[in-house]
Amino acid sequence: MVEESAGDIARMFAAAIRRDPTRPLLTWYDDATGERTELSGATLDNWVEKTANLLVDGAGLGDGDRAGVLLPPHWQTAAVLLGCWAAGVEVTTAPGPVDVLFATEARVAEAGDWPAGDRYALSLHPLALPMREVPTGWQDYTVAVRAYGDVFGAYPRGSSDWKTADPFGLQPGDRVLIDAARHPEPADWLLAPLAAGASIVLCGNLDRAKLAGRIASEQVTRDLS
């Protein structure tokens, strides 16, 4: 396993987009809610650039600062992680002082273990709609991020805690279905496919009764369920 710098990850993501900005890069399913969200490379990049600008212009962060991430595999999590790396902000899942904290509504109670300057809560709503009630001391990520520009030009130099390798033997152009419960680490569900030039079908609460139909409808070439 080779540790990748934030700059390496940002360049890897940029390369994935350049192959075809219009093709589906990340498709998210939640079989518990019936949700399906599909993002092209260009759309995901828009979220990533806005997140990087939120961190740099909004929170004043950059190379060497740290972000705590209490988020499950999800398309919004991909935007947060890739935005952090684009900004040169280190990502950690180990409790302790951080400069910014991202957490789901269900995990905001853990914030005491994560002293942070800025805190952003995510509802993970299927349409990224605003929260009905924002926890005290937090900002709604999906509201806050929309205020920032979708072009980010800074060069990332920091490092991430994630390590990337491809244990799956993915090929450029693969359409890979990933069970979020079996592969919860971003190195597996996000970075390995991006590094290989594959597109991602990420499934939460996977219903195996729907699996064969989904593989056919999504033109999946690799099944990691």
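**Ground rules**

I number residues from 1 along each chain as its sequence is written, and side-chain values use heavy atoms, with hydrogens and water left out. Because the model is predicted, local features need pLDDT of at least 70 and side-chain atom pairs count only at pLDDT 80 or more, while totals for chains, interfaces and linings use all residues.

**Entry 1: α1 on α5**

I started with helix α1 (residues 6-19) and helix α5 (residues 186-196); helices here are DSSP runs of H or I with at least four residues, strands are E runs with at least two, and both are numbered from the N terminus. Their packing angle is about 55°, and the axes are 9 Å apart. Axes are lines fitted to C-alpha atoms, for helices over the stretch in contact, and angles run from 0 to 180 degrees between N-to-C directions. That angle makes α1 oblique to α5; under 35 degrees counts as roughly parallel, over 145 as roughly antiparallel, 65 to 115 as roughly perpendicular, and the rest as oblique.

I noted a left-handed crossing for α1 and α5, meaning the near helix is turned anticlockwise from the far one by less than a right angle (clockwise would be right-handed). On the α1 side I listed Ile-9, Met-12, Phe-13, Ala-16 and Arg-19, which meet Leu-191, Leu-194 and Ala-195 of α5; contact means heavy atoms within 4.5 Å. By class, I get 7 nonpolar, no polar and 1 charged. Nonpolar covers Ala, Val, Leu, Ile, Met, Phe, Trp, Tyr, Cys and Pro, charged covers Asp, Glu, Lys and Arg, and the others, Gly among them, are polar.

**Entry 2: α1 on α3**

Next I checked α1 against helix α3 (residues 75-86), where the angle is about 120° and the axes lie 8 Å apart. α1 and α3 are therefore oblique to each other. α1 passes α3 in a left-handed crossing. From α1, I see Ala-6, Ile-9, Ala-10 and Phe-13 meeting Leu-82, Trp-85 and Ala-86 of α3. This contact has 7 nonpolar, no polar and no charged residues.

**Entry 3: the mixed sheet**

I then traced an open sheet of 5 strands, ordered β3-β2-β11-β10-β12 with mixed pairing; two strands pair if DSSP finds at least two bridges between them. β3 (35-40) and β12 (222-224) are the edge strands with a single partner each, so one side of each has no neighbour in the sheet. Neighbouring strands are turned by 15° against each other on average, direction ignored.

Strand β2 (residues 24-30) pairs with β3 in the antiparallel sense over 6 bridges. There I found Tyr-29 opposite Arg-36 in β3. Helix α2 (residues 41-58) packs on this sheet and touches β2 and β3, its direction at about 90° to that of β3.

**Entry 4: the parallel sheet**

Which order do the strands of the parallel open sheet follow? I read β5-β4-β6-β7-β8, 5 strands. β5 (90-92) and β8 (139-140) stand at the edges with a single partner strand each, so one side of each lacks a neighbour in the sheet.

Strand β6 (residues 98-104) runs parallel to strand β7 (residues 116-122), paired over 6 bridges. In β7, Arg-119 is the bridge partner of Leu-101, and Asp-118 is that of Val-100. β7 and β8 run parallel too, joined by 2 bridges, and Ala-121 has Asp-140 in β8 as its bridge partner.
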